Amino acid sequence: MKKVGVLVPHYSIIAAIGNTRYMFKMVNTFLKEIGKPPSFDVRLIAETPEISLNDNLYTIQADHTFEEKELFDLIIIPPTSGKMEASINVNAKTIKWVKHQYKNGADIASLCVGAFLLAETGLLNGKECSTHWKTVNQFRERYPLVKLKHHKTVTDTQGIYTSGGANTYWNLLIYLVKKFTCPEVALHTAKYFEVEPNLNDQSQFFIFNGNKSHKDDKVLEAQEYIEKNYTQGITLDQICMLTKLPRRTFQRRFKRITHFTVIEYHQRVKVEAAKKLLEINQKNISEIMFSVGYSDPKSFRAIFKKYTGLTPIQYKNRYSS
């Protein structure tokens with residue numbers, strides 16, 4: 001039986017804790033129904049015996065505290081709310097405890113922005129990781145040694161697992177059930193909780209927002225120019241003339257700061273504009289394509305799918321209001 005520790009950090013989101021605990025307990029029920037022994041012993045772990053959440057609206061009683069030196073097979077780190085800096089600072093003991101558990105053989109899984117607490121341990125350095133798309137820029141800046149794969153809903157590297165944003169943590173939970181029980185039980189669990197079991201990409205949910213928290217005026221000038229003139233044809237030479245920087249110098253600075261080439265950044269801005277029109281506009285696909293600066297349907301479709309995982313018509317059918 002796997003000993004599962006569901007962490008209750010300060011500022012944690014109570015729904016993720018409750019859903020995780022409930023799901024593993026239901027998996028034990030499903031196993032019992034098919035004549036198999038339970039697979040998971042689920043405990044709540046916190047810094048103190050009681051921990052208050054949501055401005056003291058809720059109080060959770062932990063099964064164990066860090067001082068009890070209990071060892072686990074699997075640790076689940078839920079997401080936290082509020083500013084990440086504050087969450088990291090107040091959960092210093094949690095971060096240290098997670099690192100200790102991993103060194104003593106535990107697998108570690110983070111849900112959504114729980115990846116920030118996990119990354120603070122240093123255990124993610126050199127490994128793949130996903131998190132909520134909203135925090136991608138902040139995560140990259142804070143943890144440059146982590147291989148961020150923001151499009152993935154699940155990553156699995158050397159006993160460390162991460163999930164994409166918000167409700168995609170359910171996909172990671174189902175993945176863990178499959179890994180530690182069997183595909184049949186995992187599928188039954190997915191159906192019971194109405195989770196799409198093969199959702200491997202969260203790109204369709206991504207709202208592109210170029211990183212502008214940096215202090216490079218030249219790169220910022222280029223970003224703002226692209227975003228204001230995205231319907232026009234924009235070349236690298238134009239941008240270099242605008243910023244008065246040599247081509248190679250500018251390319252290197254722009255890519256290092258934004259994580260995109262100028263062409264990729266331009267494409268992302270255009271695709272984001274197209275997405276908004278597909279969501280709220282009654283124009284057909286061709287009209288929208290022309291309005292964001294594309295003239296070749298095949299090229300538009302390929303670039304749109306590259307960044308969203310869906311074709312324009314699939315996106316319109318799914319998200320149009």
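Biologist: Where is S321 found?

Modeller: This is a predicted model. In it, S321 lies in the segment after α14.

Biologist: Is S321 buried or exposed?

Modeller: Exposure is read from relative accessibility, with over 50% as the cut-off for exposed. S321 has 79%, so it counts as exposed.

Biologist: Which residues is S321 in contact with, leaving aside its neighbours within four places in sequence?

Modeller: E279 and I280. By contrast, T249 is 72 residues from S321 in sequence, and their C-alpha atoms are 44 Å apart in space.

Biologist: How are two packed helices described?

Modeller: The description uses the angle between the two axes and the distance between them. Take α11 (residues 262-280) and α14 (residues 312-319): their axes come within 8 Å and cross at roughly 45 degrees. The two helices are therefore oblique to each other. The crossing of α11 and α14 is right-handed.

Biologist: Which residues of α11 and α14 meet?

Modeller: From α11, K275, L278 and E279; from α14, P312, Y315, K316 and Y319. By class, this contact has four nonpolar, no polar and three charged residues.

Biologist: At roughly what angle do the axes of α6 and α7 cross?

Modeller: Helix α6 (residues 169-180) and helix α7 (residues 183-192) cross at roughly 155 degrees, with axes that come within 7 Å. The angle is over 145, so α6 is roughly antiparallel to α7. I174, V177 and K178 of α6 make the contact with P183, V185, A186, T189 and A190 of α7. These divide into six nonpolar, one polar and one charged.

Biologist: What is the handedness of the crossing of α6 and α7?

Modeller: Right-handed.

How values were computed: Residues numbered from 1 in each chain as written. Predicted model: local features only at pLDDT ≥ 70, side-chain atom pairs only at ≥ 80, totals over all residues. Heavy atoms only, no water. Axes fitted to C-alpha atoms, helices over the stretch in contact; angles between N-to-C directions. Helix = DSSP H or I, 4+ residues; strand = E, 2+ residues; numbered from the N terminus. Parallel < 35°, antiparallel > 145°, perpendicular 65-115°, else oblique. Left-handed = near helix turned anticlockwise from the far one by under 90°. Contact = heavy atoms within 4.5 Å. Nonpolar A, V, L, I, M, F, W, Y, C, P; charged D, E, K, R; others polar. Buried < 20%, exposed > 50% of the residue type's maximum accessible area, 1.4 Å probe, protein only.
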